[in-house]
Amino acid sequence: MKEKNIIYDGSFEGFLSAVFYVFEHKFDVVNIQNNTSVQNGLFTQNETIPTETIKANRVWKGLTSKLSASACNTIYYAFLSEKLGAEQILLDYIKYAFSNTRKIDKDFSHPSVLKTSQIAKMVGREKHRMEAFVRFRLTKDAIYFASIEPDFNVLPLLIKHFKNRYADQKWIIYDIKRHYGLYYDLNTVDTINIEFPTHFDFTKTDDNYFSDQEFEFQKLWQDYFKSTNIESRKNMKLHIRHVPKRYWKYLSEKQPN
Amino acid sequence: MSFQRIQEKLKILADAAKYDVSCSSSGSNRSNTNKGLGDATGMGICHSYTEDGRCVSLLKILLTNYCIFDCAYCVTRKSNDIKRAAFKVQEVVDLTINFYRRNYIEGLFLSSGIFKSADYTMERLVAVAKKLRLEENFNGYIHLKSIPGASDELMREAGLYADRLSVNIEIPTRAGLKKLAPDKNREDFLKPMKKVKQEIIQYKAEKKIIKSTPKYAPAGQSTQMIIGASGENDFQIMQTSNYFYKSFNLKRVYYSGYVPISYDERLPQIGSAVPMLRENRLYQTDWLMRFYGFDVSEILNQQHQNLDLDIDPKLSWALRNLHEFPVDVNTADKRMLARIPGLGMRSVHKILNARRFRRLNWDHLKKIGIALNRAQYFLVCDSNQFERRDLTAEKIKGLILQNSKSKYTKTLSNQLSLFG
Ligand code: SF4
């Protein structure tokens, strides 16, 4: 028998629609793949399925009745990892959940439960890092702007945190890698795309775009960062473990003066 | 504001504040109201880390480093020949707000040297917090230092605007304090602490009856002790710590390895190592007391007045109490699970959950993430492979040390070479 490849549009709803499809047709050997990472095998049969909100909702509702709210969150987090093969692990998890009468989300000795929680933890860590490492810079149009390049697609997970915290200022958090951002206009948070000028350097604070004050506060922050260090306790290994180098280019305190 | 003047002041007053190790911004429950700025409901975020690996979460500064006192262990002491500066209330407010808006910080930690008098100083600290809350509608985190000797009335007001209040006892014993900080006496520290404790209890009680009662220092009180400046042993330090936790309902006690800053003969000299490993062991003991159900006297007592530096305090305790082991992870209660060396509270919860589904063996335990190199000598699980030899404590310690390279080995050998 040929192996079945089910291809969905890359969205979470799309993934849940694919899960619905698998259950509906009782497929046993099946792959769920994102439409950007399709792998054609000689012995596979590809089938693209549409995203259907109603079906996705039914799967999600089923999950919320089978699992705790935090376990459902775990599934969503793991999905946002965009890791190759994550869909397979999640499908296993979901099958295991539906085939059991007991709640299985704490059964860490089952491989799919353990794996899902591990991936979700990585995503959660990235979310926390972004909450910490986002650095807003004030633009000339009075918007606080930050650009990020997270390892996983964590923007959707950041909305609540930043909306609660910065309720009285306009802000944008832009994911350079995935080419979309969040924009808060003092009322709601929307998903946006921005056309940046060619050769726009996200790591530079260009005075054509950013407010004059911005330079002063960046300087003050850099100074503060230096003053608060205790030289006789210096421990760069620990420092880098907390602030991995790949994040440095967006941290104001890490910019050369 | 004039950029250069602020820059100069910030350098001086951040530098002087850095020896206060507390940087916690968690434990409050202040949420954003009326679409203001900020929110302090979460866990508290470290926005960056210093090159010495400490969390940067708050703008930690002194209002001024002018001081009328002369505490030997402090850079700000009157007799020290350093540059002095003082912020205006509005300058601190502006810095805080602008740093906060850029997501640099969770809030402000404001301390101060004592200029003129305790009340004069405390009044200004309170003025900063008040302005932030009432004029800027700021809901981020505010930690104010309670100035020893400040009046009850000011302390009451401070708690209405601050999330946390702290007084640093700094020196763990009365005798040490007398020697190093002759201007200070213990009662001056205790007075604001007592007041704040009473107010917290009272506001909480009122809140139960009248919902609109304002918050009072929702993140509680903390204090700090300097380690290794005045010759106390670990037993004395943890007894003091235990006393403060119990008598003042403190949220945290911080331990800060003394950083030599002076040639004063009463103190370790400039160039001697900061006792970072010892500091770490004290924190571990503190955790065992607060989260693992240990009584301080189980770990430190007349017989054991100092913590082992080469192994952690839980392992030390286990080696002294081998008759309590091995523990069966499939049946033991939470209290005993938490006492197995190599098991953190997280692993304990995972075990409690997972064992409802099946009996756990070594493989499961490994996957759960337990440090088996330490734990294996102290537990049995669903396997007939376990440590059968009747090993002595010394032997077990040797085996464990052989198989683990402590991240502190380097620091440790540095410290030991002092005696070599
Ligand atoms: S009163 Fe405080 S600031 Fe002044 S010298 Fe003593 S410890 Fe330092």
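User: How many helices and strands are there in chain B?

Analyst: Helices (H or I, at least four residues) and strands (E, at least two) are DSSP runs, numbered from the N terminus; in chain B there are 16 helices and 10 strands. This is a predicted model, in which local features need pLDDT of at least 70 and side-chain atom pairs count only at pLDDT 80 or more, while totals for chains, interfaces and linings use all residues. Residues are numbered from 1 along each chain as its sequence is written, chains are lettered from A in the order in which they are written, and side-chain values use heavy atoms, with hydrogens and water left out.

User: What radius of gyration does chain B have?

Analyst: The radius is taken over C-alpha atoms, and the globule rule is 2.2 Å times the number of residues to the power 0.38. For 420 residues a compact globule would come near 22 Å, and the 24 Å of chain B agrees with this; its C-alpha trace spans about 70 × 55 × 40 Å along the principal axes.

User: Where does Arg356(B) lie?

Analyst: Arg356(B) is found in the loop between helix H12 (345-354) and helix H13 (362-368) of chain B, and it counts as exposed because its relative accessible area is 52%.

Conventions:
Buried means under 20% relative accessible area, exposed over 50%, partly exposed in between (1.4 Å probe, protein chains only).
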